[in-house]
Amino acid sequence: MGMAEPVQEWPDARRKEALRAERTESYVSTQGRLTTPQMATHGQAPRVAACVYIGVGSNLGDRMSHCLAAVDALDRLDRTRLVAVSPWYETEPVGAAAPGDFLNGVVGLETDLEPRALLEACLAIERERGRARAAREGPRTLDLDLLLYDDRVVDEPGLTVPHPRMAERAFVLLPLADIAPRAVHPVLGCTVAVLRSRLSDRHAVRLYQSSWSSAV
Ligand code: AMP
């Protein structure tokens, strides 16, 4: 696993609240995207936050609590804003080594973090929830996958975006299509809705909870 860069330092709660208020005031919406006008005032083109989708999964312990903790932790990341949370689905595990059903959903974020920094932050959130990486298909308290990062294609040691297995996974495409049907897979050149329509096994995934907030 690639751990090339240090995990980003998270601000303490009070500083985070101040940053959040500042950010809320200073961001303006342009065609549904966020820009940071501070950069425009310095005579540069406004920076547009990246639109990112992260898959969230758990099949160990209090699965919903792990997933909701992940949503909260992603929302609290520096220079990042939560924009969507999908309904939650229940899925039978793929490998024989993982006994319990998975709970899966997808989170939409807008962020100024680069893909590698975002991945490192996701791995840190997994560690916070006590994830052990004993077996690849084994049970896990929390699994976070960087699915799409704008239309960027990344192929580096330890980081592949779009996520290499997302197009064949019903437990990714169903929740992703709920919140981003028109998002385009930059390698396959088609929308998430089209990818979902091509799935053969989508009935193996059951809707578990249609509203994420009611589970808190
Ligand atoms: P897994 O055990 O299947 O969750 O794999 C996690 C490992 O996959 C991480 O250590 C990452 O370095 C690597 N990885 C590569 N691409 C991605 C991605 N798009 N999202 C999450 N993990 C990734």
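Which residues of helix 4 are buried? I started my notebook with that one.

**Ground rules.** I am working from a predicted model, where local features need pLDDT of at least 70, side-chain atom pairs count only at pLDDT 80 or more, and totals for chains, interfaces and linings use all residues. I number residues from 1 along each chain as its sequence is written.

**Overview.** I found 6 helices and 13 strands in the protein; these are DSSP runs numbered from the N terminus, helices being H or I with at least four residues and strands E with at least two. Of the 216 residues, 32% count as buried, that is, with 20 or more other C-beta atoms within 10 Å of their own, C-beta atoms being placed from the backbone.

**Helix 4.** My opening question has this answer: Leu-118, Leu-119, Glu-120, Ala-121, Cys-122, Ile-125 and Glu-126. I then looked up what they pack against, and noted strand 4 (50-58), helix 3 (63-75), strand 7 (102-111), strand 8 (143-149) and strand 10 (159-161). A contact here needs C-beta atoms, placed from the backbone, within 7 Å. After the helix comes Gly-130, with a positive phi near 75°.

**Strand 6.** I see strand 6 (residues 88-91) running antiparallel to strand 13 (residues 205-209), with 4 bridges; Thr-91 has Val-205 as its bridge partner there. Strand 6 is also antiparallel to strand 7, through 3 bridges, and Glu-90 is partnered by Leu-103 in strand 7. Pairing takes at least two DSSP bridges between two strands.

Conventions:
Buried ≥ 20, exposed ≤ 12 C-beta atoms within 10 Å, placed from the backbone. Contact = placed C-beta atoms within 7 Å.
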